[in-house]
Amino acid sequence: MSHPNHFAGGRWPRRFLTGDDLAAYNDYIELRSRAWREGWHHWHRIAQARDRLQPVEVQHAIPYAKPGDPDGGMSICHPFGWCVAELMAGGIHPPIDAILGQRLLLIAKDGNYSVVNYVDAEEWRRRNGPIKHEVVVDNRRAHNETAGPMTYEQAIEWIVLKDVPSAVWSRKHNRPQMAIVPRSAIPSDRSNRNAWRLADFEMEQAA
Amino acid sequence: MADLLKHIPVTGGNAKAWFSYDQSGAPAIDNSVNISSITDNGAGSSAPAFTNAFSDALYIAISTSRTNTGTRGGDLVGINCGASDDDNRTTSDIDILVVSPADATSNAAEVDRSVIMFAFLGDLA
């Protein structure tokens, strides 16, 4: 897939936005520029944290069934130690509801488009087929708000909610779709990696 | 540090996220900036997630991998576009794939490597 050049930077998202979405986008762009100029952009907080923190040794991993393919292969989310350390320190990353409420403009290859929350974006991509382009149109809370210090467990939960598809954790299923397991439960022999199934890890967790 | 960072433009310039990752055994992360997790999707296949998302899906990914001189030459490391050649970059994560190329006796194969390195450049959200 190739992206037309007019999707790079500039003012083009305004053509797809109306009403409150357009007003929020204009406000967001102004705020993001000011945050960067004044040094309190979310990324500034992440970069500055490296001067004073050490990565945490992460003890857990999150195997989950791939949405739309529950009987097929499985994915395993490995939280990063730097991010866990930043969450435990507090004052760096936004509250998780600020991430999940981030607004995205998604444009499918067939021209269909919609503005959706981050938490709904994965489902929209899956239902609407290949995506032609996407752009963040409101991320104000990620710059304006920071979460306080978290425990290790709360930090892992924050990462699960952000990085594991919401279809896995937000709905009721007939059987578990994910598990939080010790990293030692993940086999180091990967010769049959594509045959791994979630049930193998549920048994490990029960044991 | 804070004063210095103010002079880095939000558009273009330095890498806004990067990581070094070992997927040869139990996956391990060597180092990272602006990456909250990596998802192991199968042999040779993984997906890093950005802590601070990119503004749009047109960021640049620069990659390399450790290769084994005893096998078929250099690996191919890049975006996992699947059979339909779709772009799998999103503002919040990217599917990547490490492939050992085909030779006269073997087909191309997805492989796990002990060093996978990526840097990402683009505009931040």
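This is a predicted model: local features need pLDDT of at least 70, side-chain atom pairs count only at pLDDT 80 or more; totals for chains, interfaces and linings use all residues.
Reader: What makes a space a cavity, and how many of 30 Å³ or more does the structure hold?

Author: The structure holds 1 cavity of 30 Å³ or more. On a 1 Å grid over the protein atoms alone, a cavity is a set of points where a 1.4 Å probe fits but cannot get out; a pocket is an open set with protein on both sides within 12 Å along at least five of seven lines. Rolling a probe the size of a water molecule over the atoms shows where empty space is left. Residues are numbered from 1 along each chain as its sequence is written, chains are lettered from A and ligands numbered from 1 in the order in which they are written, and side-chain values use heavy atoms, with hydrogens and water left out.

Reader: How do you know how much space lies in the largest cavity?

Author: Grid points are joined across faces, edges and corners, and the volume is the space filled by probe spheres set on the points. That gives about 70 Å³.

Reader: What makes a residue part of the lining of the largest cavity?

Author: Lining residues have an atom within 4 Å of a point. Those of the largest cavity include His42(A), Tyr118(A) and Lys162(A), together with Phe50(B), Asn52(B) and Ser92(B). By class, the lining has 5 nonpolar, 6 polar and 1 charged. Ala, Val, Leu, Ile, Met, Phe, Trp, Tyr, Cys and Pro count as nonpolar, Asp, Glu, Lys and Arg as charged, and the others, Gly among them, as polar. Lys162(A) is in the lining, and Lys counts as charged.

Reader: What volume does the largest pocket have, and which residues are closest to its centre?

Author: The largest pocket has a volume of about 1200 Å³. Of its 45 lining residues, the closest to the centre are Glu122(A), Arg126(A), Asn88(B), Asp93(B) and Asp95(B). The lining divides into 18 nonpolar, 14 polar and 13 charged residues. Helix α5(A) gives the most, with 6 residues.

Reader: Why is Asn34(B) called buried?

Author: Buried means under 20% relative accessible area, exposed over 50%, partly exposed in between (1.4 Å probe, protein chains only). Asn34(B) has 3%, so it counts as buried. Asn34(B) lies in the loop between β2 (28–33) and β3 (35–42) of chain B. It also has a positive phi of about 60 degrees, although it is not a glycine.

Reader: What makes a stretch of chain B a helix or a strand?

Author: Helices (H or I, at least four residues) and strands (E, at least two) are DSSP runs, numbered from the N terminus. Chain B has 1 helix and 9 strands. Chain A has 9 helices and 6 strands.

Reader: How do you know which element of chain A has the lowest mean pLDDT?

Author: Helix α9 (residues 198–206) of chain A has the lowest mean, 63. Helix α7 (residues 152–163) of chain A has the highest, 98. Over residues 203–207 of chain A the pLDDT is below 50; beyond near neighbours in sequence, this stretch has 4 contacts (heavy atoms within 4.5 Å) in the model. For chain A as a whole the mean is 89, and 92% of its residues reach 70 or more.

Notes: pLDDT is the predictor's confidence in each residue, from 0 to 100.
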